Structures are given as structure tokens and as C-alpha cells.
Amino acid sequence: MSAFPAPLPGGTWTLGDLTVTRFGYGAMQLAGPWVMGPPADHDGALAVLREAVGLGITHIDTADAYGPHVTNRLIREALHPYSDSLHIVTKVGAVRDEQGGWPPARKPEDLRRAVHHNLENLGLETLDVVNLRLGDAQGPRPGSLAEAFETLVELQRQGLIRHLGVSNATAEQVAEARSIAPIVCVQNMYNLAHRQDDELIDELAEQGIAYVPFFPLGGFTPLQSSALTAVADRLDTTPMSVALAWLLRRSPNILLIPGTSSVAHLRENVAGAGLPLSDDDLAELDKIGR
């Protein structure tokens with residue numbers, strides 16, 4: 001394991017009664033191509049997970065649909081029995097089909113099955129945090145989440161889930177979930193170029209609820225990519241480093257879960273997220289998504 005300098009960039013945040021590092025790790029890329037099947041380098045995948053913990057990361061994001069079942073079984077093989085400080089966040093509400101798609105699976109029986117699969121494959125009796133994945137592969141979609149979310153609340157009452165969150169959700173769905181039961185996080189696509197959740201992030205920060213963005217470099221136009229690259233070149237770093245550092249500066253409730261299947265890239269992401277950005281840098285970056 002690494003002796004990377006502590007603390008990690010961004011410090012910590014509290015998910016309910018769980019303290020996690022704001023810099024986390026997303027396990028999706030540990031599965032095979034297109035998030036299907038086993039990794040090409042099994043031992044390498046285990047090494048990445050062990051390095052993440054060695055770096056001090058206490059927040060790992062996963063889903064039993066990754067693989068399917070692959071990433072959760074890798075996490076168990078690499079890290080079980082888990083330390084008390086390590087917290088695994090998973091999600092339910094979608095499965096994989098034979099074509100590699102992500103069809104919704106949000107009926108009560110689907111969600112109960114998914115929670116039990118996560119418990120079994122991770123080797124846990126209680127899941128720390130479960131996000132209800134909404135919408136589809138193209139993004140959030142309007143509509144009530146009540147039946148699905150109430151199913152997870154029932155499983156929470158049974159002691160199978162500690163805390164709840166939502167993913168790929170509209171602001172209205174976040175509000176509906178909060179009217180049913182407390183949530184500790186929202187996981188949506190958000191980055192310098194896609195800032196549709198700016199108002200939601202600020203509202204959640206006031207309420208002590210985490211916001212977990214995915215695709216920190218997703219959906220940039222060529223012009224936006226060029227602007228980001230220009231800033232990165234001036235700072236002698238990578239666009240990913242700038243994007244991660246900006247997210248940590250954007251709001252204290254933002255938690256990062258960049259994924260990688262490489263130990264070296266994991267270390268680069270940690271170092272990059274700690275990049276100091278000046279007020280002039282931030283002003284220039286803010287223009288990208290405006």
C-alpha cells in the first residue's frame with residue numbers, strides 16, 4: 001500500500017453518521033470492456049482497490065450491475081473484512097442486458113433482489129448507503145419515485161440499508177424522496193460544462209446533503225475541451241486534474257468518485273484534485289459552462 005501524504009484533497013464529509021473522504025473512488029472501470037465481464041487484469045484490479053485504501057480513501061462507489069456482479073466481488077476479494085472507516089456506497093434501479101444496455105429495474109421485487117445481491121457479493125449484512133438510480137442512460141427523466149423509494153425505505157427499516165440517496169434524479173425527484181425519508185446524497189452528472197444542478201447543489205449544501213458528480217469530463221464540446229486544456233497547459237497539469245480540483249472548490253458538499261483501473265492513474269487523480277486554483281483560474285474556468 002502507498003504512503004501517499006495525508007490528508008486527501010478536500011478533507012472529509014459526513015453522510016448521515018458516516019464520515020468519508022471527499023475524494024473517493026468509483027469502481028465501475030474495474031469490470032471488463034463496456035462494464036461487462038471480468039477485468040483483463042484481475043490482480044491489477046485488486047491492486048487498485050488496495051491502493052485506494054492505502055491512499056486513505058474511505059468512500060468507494062459501486063453497483064452490483066457493474067459486470068454484473070464483478071466489481072462487488074472484486075471489492076470483497078480485495079478488502080474484506082472491511083475496516084470500520086471504509087464505507088461502500090452502491091446503487092440499485094438498473095440491470096445489464098445481454099447487449100450491454102442498462103434497462104430500468106425499479107419494481108419492488110427488482111429492488112429487493114438487487115439489495116440482496118449487493119449484500120451477498122460485498123459480504124455485508126448492512127449496506128452503508130444505497131442510491132436509487134432513476135432515469136435512463138440518456139439522463140434523468142421526470143416521474144414519481146415513490147413506489148421504488150418506499151421499497152428501499154422498507155428495506156432500511158429491516159436493517160439491510162443504513163442510509164439512502166438518489167442518482168440520475170431531477171430536482172423534483174430529490175424533493176419527493178426527501179418528503180418520504182431522509183437522504184444523505186444525490187449522485188448526478190455534473191461538471192464544468194454541464195452545470196444544470198448548480199441551484200440544487202447549493203440547496204443540498206445548506207441541508208448538509210452530499211452531491212456526488214459523475215463524468216467529470218463528460219459531454220464537453222470541442223470548444224469547451226479546448227478552453228479546459230488551455231488552463232491545464234498553463235498550470236502544467238492535465239484537464240482531469242483541473243476538472244477534479246474545480247469540483248472540490250465548487251462546493252464543500254461535493255464528493256468525488258473518479259474511476260480508473262490503473263494504480264498510477266489513481267495516484268495522478270488524487271494529486272490532481274489537490275491542485276491549487278487561483279481566483280483568476282476559477283473565473284476563467286467558470287466561463288466554460290456559461
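A pocket, on a 1 Å grid over the protein atoms alone, is an open set of points where a 1.4 Å probe fits, with protein on both sides within 12 Å along at least five of seven lines, and its lining residues have an atom within 4 Å of a point. Grid points are joined across faces, edges and corners, and a volume is the space filled by probe spheres set on the points. With that in hand, the largest pocket here holds about 1100 Å³ of space. This is a predicted model, in which local features need pLDDT of at least 70 and side-chain atom pairs count only at pLDDT 80 or more, while totals for chains, interfaces and linings use all residues. Residues are numbered from 1 along each chain as its sequence is written, and side-chain values use heavy atoms, with hydrogens and water left out.

**The chain as a whole**

- The chain has 10 helices and 9 strands; these are DSSP runs numbered from the N terminus, with helices (H or I) of at least four residues and strands (E) of at least two.
- The radius of gyration is 18 Å, close to the 19 Å that the globule rule gives for 290 residues, so the chain is as compact as a globular protein of that length. This radius is taken over C-alpha atoms, and the rule is 2.2 Å times the number of residues to the power 0.38.
- Along its principal axes, the C-alpha trace spans about 50 × 40 × 40 Å.
- Of the 290 residues, 54% are buried, a word that stands for under 20% relative accessible area, with exposed over 50% and partly exposed in between (1.4 Å probe, protein chains only).
- The accessible surface comes to about 12700 Å², and carbon and sulfur atoms account for 53% of it. Such areas come from the Shrake-Rupley method with a 1.4 Å probe, and for residues only the protein chains shown count as cover.
- Take the contacts (heavy atoms within 4.5 Å) between residues at least 6 apart in sequence: 75% of them join residues at least 24 apart.

**The largest pocket**

- Its lining has 49 residues, and those nearest the centre are Met-28, Gln-187, Met-189, Phe-214 and Phe-215.
- Elements that each supply at least two lining residues are strand S5 (87-92), strand S8 (185-189), helix H6 (198-207), strand S9 (210-214) and helix H8 (239-250).
- By class, 26 of the lining residues are nonpolar, 15 polar and 8 charged. Here Ala, Val, Leu, Ile, Met, Phe, Trp, Tyr, Cys and Pro count as nonpolar, Asp, Glu, Lys and Arg as charged, and the others, Gly among them, as polar.

**The second largest pocket**

- About 240 Å³ of space lies in this pocket.
- It is lined by 16 residues, with Asp-64, Ala-94, Val-95, Ala-114 and His-117 closest to the centre.
- S5 and helix H3 (108-122) are the elements that give two or more residues to this lining, and H3 provides the largest share, 5 residues.
- The lining divides into 7 nonpolar, 4 polar and 5 charged residues.

**A residue in strand S9**

- Ala-210 lies in strand S9 and is buried, with a relative accessible area of 0%.
- Leaving aside residues up to four places away in sequence, Ala-210 touches Trp-13, Leu-15, Val-184, Cys-185, Val-186, Leu-204, Asn-253 and Leu-255.
- Arg-234 is 24 residues from Ala-210 in sequence, and their C-alpha atoms are 31 Å apart.

**Backbone details to look for**

- As background, most residues other than glycine have a negative phi, and most peptide bonds are trans.
- The peptide bond from Gly-67 to Pro-68 is cis, with omega near -15 degrees, and Pro-68 sits in the loop between strand S4 (59-61) and helix H2 (70-79).
- Another cis bond runs from His-80 to Pro-81, with omega near 0 degrees; Pro-81 is found in the loop between H2 and S5.
- Val-35 is not a glycine, but has a positive phi of about 60 degrees. Val-35 belongs to the loop between strand S3 (25-26) and helix H1 (42-54) and is buried at 14% relative accessibility.
- Asn-168 also has a positive phi, near 60 degrees. Asn-168 lies in the loop between strand S7 (161-167) and helix H5 (171-180) and is buried, with a relative accessible area of 7%.

**A glycine in the S3–H1 loop**

- Gly-32 is in the loop between S3 and H1 and counts as buried at 10% relative accessibility.
- Gly-32 and Gly-67 are 35 residues apart along the chain, with 7.0 Å between their C-alpha atoms.
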